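Open the model in your viewer and keep the sequence panel in view. The tour below goes from one selection to the next and says what is there.

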Amino acid sequence: MLTPTKLVGDLLDVKTNLLLEIAAKRTKSVDKYVWIQTNICKEAIVDPEFQRVWSDFYRLNTTRISKDQKQIFYTIFAEYWDGEMNYETLITKLIEVRGSVESSFSSKIQHSKFPTLPIIDSEVAKVLGWKLPREQASTKAKMIDLTISMVDRLNTFYANCFEKDGWYEISSEFDAILGVDGFQYTEVKKIDILLWQRNSIKNN
């Protein structure tokens, strides 16, 4: 099992290469994230241009989702953004979109509102050696529970990473290479971006 100490040590060894790889393609990745987080509001969420960028960045467009289903998705997204809906309710309501538990997309919506909270992503799970909720659950109720617990588990794991020797150096170099004036990445988003890129490089 990958520990926070081992993960930070690994990232420390390859941080410059990872960050330069990300920087080379930033217009297709981190720049879109910055745009999303800078522009997000209730009105933006129902705007076609915002939906286009969000869907592209978070890979909603790569799923089999119809135009009508996407409309339901963003309606729920806007309700979550503007109200007091908790995460469990968000996950449950998103079942209306395609009839399935949206572990990853629910966490991406939650992160869009609360960027200090982690995202469930298959690429990140591969690096960590963790199973996704869909790989363990036999019922929707169980998958909802596993989705909530995985976000909590990631939150705790990342918090431990941020306390390790070497993380400050990684974080500082991230800002030096990918920083944007007037915008501050959360530590959670930094490690999420690095882990996604780490698995992408391993697969090439």
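**Stop 1: a bent helix**

Select residues 4-24, helix α1, which has a kink of about 65° centred on V14. The bend at a residue is the angle between axes fitted to the seven residues ending there and the seven starting there. Helices here are DSSP runs of H or I with at least four residues, numbered from the N terminus. This is a predicted model, in which local features need pLDDT of at least 70 and side-chain atom pairs count only at pLDDT 80 or more, while totals for chains, interfaces and linings use all residues. Residues are numbered from 1 along each chain as its sequence is written, and side-chain values use heavy atoms, with hydrogens and water left out.

Now colour the buried residues of α1: P4, L7, V8, L11, V14, K15, L18, L19 and I22. Buried means under 20% relative accessible area, exposed means over 50%, and partly exposed lies in between, with a 1.4 Å probe and protein chains only.

Step back to T3, in the segment before α1. T3 has a relative accessible area of 38%, so it counts as partly exposed. Select Q197 as well: T3 and Q197 are 194 residues apart in sequence and 19 Å apart in space, C-alpha to C-alpha.

**Stop 2: α5 against α6**

Two packed helices are described by the angle between their axes and the distance between the axes. Select residues 67-82 (α5) and 87-98 (α6), whose axes are 8 Å apart at an angle of about 165°. The angle makes α5 roughly antiparallel to α6. Angles under 35 degrees count as roughly parallel, over 145 as roughly antiparallel, 65 to 115 as roughly perpendicular and the rest as oblique. Axes are lines fitted to C-alpha atoms, for helices over the stretch in contact, and angles run from 0 to 180 degrees between N-to-C directions.

Which residues of α5 and α6 meet? Show the side chains of Q69, I72, F73, I76, E79 and Y80 in α5, and of L90, K93, L94, E96, V97 and R98 in α6. Contact means heavy atoms within 4.5 Å.

**Stop 3: α6 against α9**

On the α6 side, the contact is made by Y87, E88, I91, T92 and I95, and on the α9 side by K140, I144, T147, I148 and V151.

From T147, move to R134, which is 13 residues away in sequence and 8.8 Å away in space, C-alpha to C-alpha. R134 is in the loop between α8 (122-128) and α9. With a relative accessible area of 57%, R134 is exposed.

**Stop 4: two single residues**

Select R59, in the loop between α4 (48-57) and α5. Its phi is near 65°, a positive value in a residue other than glycine. Most residues other than glycine have a negative phi. R59 is partly exposed, at 28% relative accessibility.

End at S171, in helix α10 (residues 167-178). Is S171 buried or exposed? At 8% relative accessibility, S171 counts as buried. Leaving aside neighbours within four places in sequence, S171 is in contact with E187 and K190.

Methods: Helix = DSSP H or I, 4+ residues; strand = E, 2+ residues; numbered from the N terminus.
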